[in-house]
Amino acid sequence: MSNVITAGTLQAINRELHRGRFTEDDVAGLVGTGHGVISSLDSIFADLGCICMRDLGLIAPDGLPALEQEP
Amino acid sequence: MIGQVRPSVKATAAALSRGEITATSLLDASVGVIEQTNSALKSFISLSIGRARRQAAEADRRLAAGAGLGPLDGLPFAVKDVYETADLYTTAGSRAFANRQAIRDATAIAQLEAAGAILVGKTNLHEFAYGATGENGWSGTVPHPQDLTRLAGGSSSGSAAAVATGAVYAALGTDTGGSVRVPAALCGIVGYKPTFGTMSLEGTVPFCWSLDHGGILTRTVEDLAPFASCLAGIERGSIETLPQPLRIGIAEGWADDAEPDVARAFENALGALETLGARLAPVRLPDRSEARTVSLVLQLSEALAFHAPHLERAGDLYGEDVRSGLVLAQFLPASAYVQCKRFVTDYRRTLAETFKAFDIILTPACPIVAPLIGTKEVRLSGQTLPLGNALTLFTSLFNLTGSPALAMPAGVSSQGLPLSIQLIGPARGDASVIAVAGALERHGLGQKPEATPTRSAARERS
């Protein structure tokens, strides 16, 4: 997913799915260098892609009942 | 160092019960330190002097009658300005919450006041606790009490500075990725977050419900014990005894990612533990980089859920870094949030399994010493990290696992800045964490000068 996220893509999502909750400048500011605890948008989405593709079996989200059988 | 060295909680409580000093004189000393330091440090956002004076007078009446409430009776404390109070605004360090008034005090404040402790004020923080540097464009950035060109760290920056300067005996913070332990580490004090859910956060402004922990900052581990007992239900007797045998897991490779002075302090701590009879063995922990992304997704998603209506009302009053995080949050899919919550389950199971073989895991608390104000990035082990990531490199995993964790002083760097280690225990293994930290402190690790109550600024009872 690296290097495919553009300000235009994010601005369109912000405008069309989130009723323009943030300004175009706010959204454009996400693309580029890191800030605060965010290294870069591309790297976060790349890492998140790996996390989302991990097969965790029957593990349930934290706080919800487990569905696995005892080993 | 700005401020004063306070006597210990134990010595102060003894002096109070013997009538050598009064709660009112302790409060006067606190106010004196705050007046002396706050223009430079910006540790406090608001003060509660009238209420504190009434409580100090009541404590003095109790103590004079021999009816003191225990070791915390008459001791001044502070809270991070996310803990709600009925008589002061709870700003969360944000212009957007500048006039936010709660109708009652947070439970943790009520618990301390029931034990006789006296709230003197509310401390500064990184806006909405979103960030580890403590930089804040509205309420001011808290500099390091020892070197005003450096950062105190955050997000509980004011709480750390208030304790380090001796303004209070303890300050409450919150810790979502290291926000109690990081400023404690940078300022050379103790920062403790109990097992997830054991210290009440009722009546606090949330950042991320899944990861927010209450936390306590004190000058020493010895001082921490009565506050931990009051707020996290730790039995006082249980922290006197070390696990036998004492099995310490050394986080494999973590110290290699720290600055050389930090790594040296960590090695010294290992030596001290061996002297105490501990068995040391390496332990492999979950991947920190992956855990950081998991943590970030949970933090930002939950923060946006809380802040969405406030953004609608006052979005232009938010600081730039918080706002940018919330902007990012709206692009994170719900499935990613759920998957990250599944990772939390996995991490908790992994740690529970690990703790079958260990009583405590030891890591450095922070890979760097207090950075200069204005630092944006840090280079560690050949990687360039945003400062916030670097500061929380060794802490954020243990918010995901909900483990009790404590940062404590472990010496000073070649520049004379504090160094720190972190002790982590199994869920509800808080007593062991405090017991081992206490043993290290008594062994001399990170030793500090001690003051006596009569040498402090406190005036004797007239």
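Helix α7 (residues 221–232) of chain B is largely enclosed by the rest of the structure, because 11 of its 12 residues are buried. Here a residue is buried if 20 or more other C-beta atoms lie within 10 Å of its own, with C-beta atoms placed from the backbone; helices (H or I, at least four residues) and strands (E, at least two) are DSSP runs, numbered from the N terminus. The model is predicted, so local features need pLDDT of at least 70 and side-chain atom pairs count only at pLDDT 80 or more, whereas totals for chains, interfaces and linings use all residues. Residues are numbered from 1 along each chain as its sequence is written, and chains are lettered from A and ligands numbered from 1 in the order in which they are written.

The buried residues of α7(B) include B:Val221, B:Asp223, B:Phe227 and B:Cys230. Just after α7(B), B:Gly233 takes a positive phi of about 70°.

B:Ala258 lies in the loop between β7 (247–251) and α8 (260–275) of chain B. B:Ala258 is buried, with 24 other C-beta atoms within 10 Å. Contacts (C-beta atoms, placed from the backbone, within 7 Å) link B:Ala258 to B:Ala263, B:Pro364 and B:Pro367, residues up to four places away in sequence not being counted. The C-alpha atom of B:Ala258 is separated by 22 Å from that of B:Lys193, 65 residues apart along the chain.

In chain B, strands β10 (residues 377–380) and β11 (residues 383–386) pair in the antiparallel sense over 4 bridges; pairing requires that DSSP finds at least two bridges between two strands. B:Arg379 stands opposite B:Thr384 in β11(B). The hairpin formed by β10(B) and β11(B) has 2 residues between the strands, and B:Ser381 in the turn has a positive phi of about 50°.

Conventions:
Two residues are in contact if their C-beta atoms, placed from the backbone, lie within 7 Å.
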